[in-house]
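Please read this briefing alongside the sequence and the coordinates. The points are grouped by topic.

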Amino acid sequence: MDVATARMRLEVMLEELDRSIRVLKGDPVAVPERSAADAGADLTDADHTRAMLDVASRQRKEVQDALVRLDQGGYGRCVDCAAPVPEGRLEARPEAARCVQCQSKRERRR
Ligand SMILES: [Zn+2]
């Protein structure tokens, strides 16, 4: 994947994440007014929203980091071992910072 394509895809992702985060945070412009019937579901909704907000914020950070790597010329290389990140992996996740091995090592540590 060439750098221009990667940048375009990352910027689209960033925009979409920003939009979801705005909605999840309850931007009055983005959220349609709730009916009184919805009020009872608020508690579980709030938990659900917080979880989604967590995921969206984490992904937004990853996308931003990838854009920084694009600017600095490190994009497409694993941030841990500097091996090239396979093309197929970048296609699936343009924000991927690590090769498959380093990523799974990292996830095992958690
Ligand atoms: Zn690696």
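Predicted model: local features only at pLDDT ≥ 70, side-chain atom pairs only at ≥ 80, totals over all residues.

Nine salt bridges are counted, and a search of the whole structure finds zero disulfides.

**Zinc site**

- For reference, the ideal angle for four tetrahedral donors is 109.5 degrees.
- Cys-78 is buried, at 4% relative accessibility, and so is Cys-99, at 5%.
- Cys-102 also counts as buried, with a relative accessible area of 7%.
- Cys-81, by contrast, is partly exposed, because its relative accessible area is 41% and the buried class ends under 20%.

**Annotated domain**

- UniProt, in an unreviewed entry, places the feature "domain: Zinc finger DksA/TraR C4-type" at residues 73-108.
- In the model, residues 73-108 are 42% helix and 0% strand.
- The end C-alpha atoms of this stretch are 28 Å apart.

- Glu-95 sits in the loop that runs between helix H3 (87-92) and helix H4 (100-109).
- Glu-95 has a relative accessible area of 4% and is therefore buried.
- Leaving aside residues up to four places away in sequence, Glu-95 touches Leu-10, Met-13, Gln-59, Glu-62, Val-63, Ala-66 and Arg-69.
- A network of salt bridges links Glu-95 with Glu-62 and Arg-93.

- Arg-7 and Asp-71 form a salt bridge, with their closest N and O atoms 3.0 Å apart.
- Because Arg-7 lies in helix H1 (residues 3-24) and Asp-71 in helix H2 (residues 42-72), this pair ties together parts that are 64 residues apart in sequence.
- Of these two residues, Arg-7 is partly exposed at 27% relative accessible area, while Asp-71 counts as exposed at 58%.
- Arg-60 pairs with Asp-18 in another salt bridge, where the closest N and O atoms are 2.4 Å apart.
- Arg-60 belongs to helix H2 and Asp-18 to helix H1, so the bridge ties together parts that are 42 residues apart in sequence.
- Arg-60 is partly exposed, with 23% relative accessibility, and Asp-18 is likewise partly exposed, with 26%.

- Asp-65 forms a salt bridge with Lys-61, and the closest N and O atoms are 3.0 Å apart.
- Asp-65 and Lys-61 are four residues apart in helix H2, which means that about one helical turn separates them.
- Asp-65 is partly exposed at 31% relative accessibility, and Lys-61 is partly exposed at 47%.

Terms used. Residues numbered from 1 in each chain as written. Heavy atoms only, no water. Buried < 20%, exposed > 50% of the residue type's maximum accessible area, 1.4 Å probe, protein only. UniProt positions renumbered as here; feature names shortened; annotations may be inferred. Helix = DSSP H or I, 4+ residues; strand = E, 2+ residues; numbered from the N terminus. Disulfide = S-S within 2.5 Å. Contact = heavy atoms within 4.5 Å. Salt bridge = Lys/Arg side-chain N within 4 Å of Asp/Glu carboxyl O.
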